[in-house]
Amino acid sequence: MDPPSAAMLVEITARTLVVCLTALAISLAVGLPIGIALGRRHFRGRVAAVSLINTGMGAPPVVVGLIVYLALQRNGPFGALSWLYSLEAMVLAQVVIALPLVVGITLAAVGSLDEDWELQVRTLGVPKRWRLWLLVREIRLGLLAAVITALGGILSEVGAVMAVGGNLDGETRVLTTAILMHTQMGQLEDALALGAILLGLMLMLAGLLTVVQQSGRS
Amino acid sequence: MTRLRFLYLLIAVALAVFACSDRAEEEEGDLLLVTTTSVRDTGLLGALLTVFEEQTGIRAQVIAVGSGAALRMGRDGNADVLLTHAPEGEQKLVASGAAVSRTPIMENYFVIAGPPEDPAGVRNASSPADAIRRIADSNAPFASRGDDSGTHRREVALFKEAGLDPDARWSSFLSSGTGMGQTLEIAGEKRAYVLSDIGTFLAFRERIELESLSKPAPSLRNVYSVLRVNPDWLDPERAESAKQFEAFMLALETQRMIADFGRERFGRPLFQPLHL
Amino acid sequence: MSGATALSVRDLRVELQSRRGSFLLTADALDLNAREALVILGPNGSGKSTLVRALAGLERPASGHVTSAVTGAVTMVFQRPAPLAGSVAHNVHIAFLGKKLSGAERRARVVEALERFKIDHLAEHRAATLSGGELRRLALSRAFALRPAVLLLDEPFAGLDADGQAALSLDLRRAISDTGVAVAMVTHDLRRAMLLSDRIAVLIDGKLAQIGSRDDVLERPTTPDIARVVGMTNLVQGVVGEEPHGDLALVEVDAQHRVATRTAYAAGTRVWVGIRPEHLKLDIGRGDVDPIGEGVVREIINDGVSVSVGIDWAGSELRTHLMAGRGLARTIEVGSKVSLSASPEQVHLIPVRAG
């Protein structure tokens, strides 16, 4: 086949970013409030909830892909959505993968705050809305680390997005699935070009994470 | 454990791994056979190779990739013998000298499968090319391999015959770049038409609820050939093993096995031998 | 010069789970007045923190109520000063969140609050880099920035060295009189209590056992338990004697040990004799007045600043303090026989209650 075209690289990269960033946004929107709620209160089911989250964090992404696949296939419980082999399915799988991570890290960050912190803020007469803002501000470094880690995880994930997305040209093909396909087809130039882009993205994220961690230290 | 002890342990483990892998190298097959996934997936090759080893003592190591990749491996001398079904590419390989012989062994027919409702009216097509034209004209979903495999090349050939651009796309055209199995799954999920080899299709038919809508025709004919890679590039032993494999595939007994293969599982044979 | 009542507690009952099981905090009447510091004393686990948190509105009472009599804020500073991320100034700004104050006003009040506790030079430093003492000052600045009507403090001096405690006490005292805030403070440090309190409340086993002016509580505790809490650790039982000793009574501990004091208790009443260590004097042979009998020195603990002397007197151990390096402190040794004396005004009696 022909050497990789810039148009193809741009299209696949753009789609990868759209899918991953959408999944990340949803994971954050859902996961942050849950993590904060779980982190602050001590309730009877807390240990069970934390165990569940830890299990979720350890779940292999490809297994998540399998489960989402089974759920979305035409004969499956959610087959009516017709989401299999579409971007929706990929975003869904990535959300399921990233969510436990977001919740878990947020929970830990909130839990590491001083017990008296919340009381102190309350007794300073800070209204409820502002208290939430302060809380997020306190844990913002931990949150940022969570975001970067989760994004790195779903950007480099291949098994689940291949299984539920199908690597359809022009529709569900992303960096990881494209690299896999080109490698299997022996089209190493394409594979390397895409691989370089993915590596570049991951290096940027790693650099960002380092900056965040260092600023936490200074 | 102290740092030093850990280092020793690491070295010991590394050595052990290398030693084992060396042995593994020796235990590698005596013959590197490269074929396509569709051939492997039917199970025929596994059955034949068991008999081959019994008869000759030669153990073949099988690598299954797309036709394009298989031919490339032959061209680069990374295989001893090929079993593929891409006549044009195969002929080029022989012309270039990378393969010293091309021996057709068996054949079957591709099928054009699709949803039982058949919205594009493929059942009434006058030829496979016409079927493709109908699918394109009615903008029906079509799941293409998109991976330069033998099946994909056949798709392209049919497109050409239908008067379509080989890179034709219509809005519901799906190109997965994956193997036959996944492409069939996608076709099943999206209720799309698909070109498939008969073996894989039969294995997936019930699951995906698609039906074969085409009749055997010359343009769907699928010939499987054995190609021996240039013996000058190989160890003499391997070149000899390749010769024996080719002979085995032509042997009467083997051809009879091929004729029967698939009857039990699918009620009909998957291949027709060419030398009975 | 205390002012109007800022916070009132009536018939308060708060249930609390502690390590030793659940108990009930009982406070029938308690008032916090402006420009006044109430120190809450009591043994560990007596409910001091619970009480002060109830005053702050952080504990829901089972019955009774805490009523604020003024419009100002009720705020609290906790045992662990929790600094927030960001600069010291930002930490103080937290106090203004959600309140209608202009940017200029806020900045002015931040400076005022930081100056009050002498950490204005740290305004731009990151709060996380502050030392323990500086953090406590930050917590107090933040609280005062609110211009509260009532300020509650839970162990504000914990972890500070002697100099730090002294300096902070002074700054706090000044802040209280400058701003007129009503303060309730929990501390187990008697010296801080003695320095800072206008009034003292003693909690024992969850009950408000005694509440009164500082001198009242320190010098005239109403039970032996309270006496021990407020530092009147020399407690010996005796009987009010028959014969008056001038216009004083003599309390007989045993034949050789009698203590003179003013009292209205009838002869024959069994009483506890309580003498604060600082009021117990060692006779240096100048023929001091008010002798109470002889004792034998059993223990001398010299920390370089003061000498704590444990004396076996009439079968009980009494304690007193001497200044290190002076007078008797230099000659006294274990086994020395000493004569003890105490001024009758400084001898306190508590009737022994049966049961």
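Modeller: Let's start with contact: two residues are in contact if their C-beta atoms, placed from the backbone, lie within 7 Å. What you have above is a predicted model, in which local features need pLDDT of at least 70 and side-chain atom pairs count only at pLDDT 80 or more, while totals for chains, interfaces and linings use all residues. Residues are numbered from 1 along each chain as its sequence is written, and chains are lettered from A and ligands numbered from 1 in the order in which they are written.

Biologist: Which of the two touching pairs of chains has the most contacts?

Modeller: That's chains A and C. Their contact takes 16 residues from chain C and 15 from chain A. On the chain C side, twelve are nonpolar, two polar and two charged. Chains B and C have no contact, and their closest C-alpha atoms are 36 Å apart.

Biologist: Let's look inside chain A. What does its secondary structure come to?

Modeller: Ten helices and zero strands. The C-alpha atoms fill a box of roughly 70 × 45 × 25 Å along the principal axes. A residue is buried if 20 or more other C-beta atoms, placed from the backbone, lie within 10 Å of its own, exposed if 12 or fewer, and partly exposed in between. By that count, 41% of the 218 residues of chain A are buried. Of the chain A contacts with a separation of 6 or more, 77% join residues 24 or more positions apart.

Biologist: How do I read a helix pair there, say at what angle H1 and H4 of chain A cross?

Modeller: You describe two packed helices by the angle between their axes and the distance between the axes. The axes are lines fitted to C-alpha atoms, for helices over the stretch in contact, with angles from 0 to 180 degrees between N-to-C directions. Helix H1 (residues 6-40) and helix H4 (residues 87-111) of chain A have axes that come within 6 Å and cross at roughly 35°. The residues of this H1(A)-H4(A) contact are 21 nonpolar, eight polar and one charged.

Biologist: Now chain C. Where does the domain assignment put its two domains?

Modeller: The bounds come from an automatic or database domain assignment. For chain C it gives domain 1 (5-228) and domain 2 (232-351). The centres of these two domains, over C-alpha atoms, are 36 Å apart. Eight residues of domain 1 of chain C are in contact with seven of domain 2 of chain C.

Biologist: In what order do the strands S14 to S18 of chain C sit in their sheet?

Modeller: Strands pair if DSSP finds at least two bridges between them. This open sheet of five strands in chain C runs S14-S18-S15-S16-S17, with antiparallel pairing. Strand S14 (281-283) and strand S17 (316-323) of chain C are at the edges with a single partner strand each, so one side of each has no neighbour in the sheet. Strand S16 (residues 306-313) of chain C pairs with S17(C) over eight bridges in the antiparallel sense, and C:Asp312 stands opposite C:Glu317 in S17(C).

Biologist: Last one, backbone angles. What phi does B:Asp118 have?

Modeller: Most residues other than glycine have a negative phi. B:Asp118, not a glycine, has a positive phi of about 50°, and B:Arg191, not a glycine either, has a positive phi of about 55°. B:Asp118 is partly exposed, with 16 other C-beta atoms within 10 Å, whereas B:Arg191 is buried, with 20.

Terms used:
Helix = DSSP H or I, 4+ residues; strand = E, 2+ residues; numbered from the N terminus. Nonpolar A, V, L, I, M, F, W, Y, C, P; charged D, E, K, R; others polar.
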